[in-house]
Amino acid sequence: MEKTLFEQMGGPYTRIGDYYLPALDLPAKKERHIGVWGQRHARYLKLNNKVLYMNLLTSGKLNEYLARVDALAKDMFFRLVAEYTDRQGVND
């Protein structure tokens with residue numbers, strides 16, 4: 001019997017009951033915290049840009065993307081607050 005492509009590439013099989021299934025493992029990924037801005041962007045993508053959301057989700061890049069958006073939004077928010085307080089002359 002000829003080897004399958006999975007076997008040719010060195011992939012092992014696991015026997016479960018009467019069936020042999022490929023022993024597939026997902027790569028370990030580093031989970032990053034997603035804040036309020038990242039969560040809001042995720043909700044926006046789900047409602048308005050479903051294709052991009054599903055592409056990021058299925059490729060495993062959604063969490064990284066949302067964490068990056070959250071970090072950029074936080075930086076922009078604090079920069080705008082600092083500019084506003086300087087412009088208004090607020091000392092507190």
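N63 counts as buried, at 18% relative accessibility (buried means under 20% relative accessible area, exposed over 50% and partly exposed in between, with a 1.4 Å probe and protein chains only). This residue sits in helix α4 (helices are DSSP runs of H or I with at least four residues, numbered from the N terminus). Leaving aside residues up to four places away in sequence, N63 touches E31, R32 and I34, where contact means heavy atoms within 4.5 Å.

A word on the ground rules: this is a predicted model, in which local features need pLDDT of at least 70, side-chain atom pairs count only at pLDDT 80 or more, and totals for chains, interfaces and linings use all residues. Residues are numbered from 1 along each chain as its sequence is written, and side-chain values use heavy atoms, leaving out hydrogens and water.

Stay with helix α4, residues 62-88, and you will find K74 and D70, 4 residues apart, about one turn of the helix. They form a salt bridge, their closest N and O atoms lying 3.6 Å apart (a side-chain nitrogen of Lys or Arg within 4 Å of a carboxyl oxygen of Asp or Glu). D70 is buried at 3%, while K74 is partly exposed at 36%.

Now for the aromatics: the whole structure holds 2 aromatic pairs (ring centres of Phe, Tyr or Trp, the last by its six-membered ring, within 6.5 Å; planes under 30 degrees apart are stacked, over 60 edge-to-face, the rest tilted). W37 and F77 have ring centres 6.0 Å apart and planes at 40 degrees, so this pair is tilted. F77 and F78, at 5.5 Å and 65 degrees, are edge-to-face. Together, W37, F77 and F78 form one aromatic cluster.

Notes
Helices (H or I, at least four residues) and strands (E, at least two) are DSSP runs, numbered from the N terminus.
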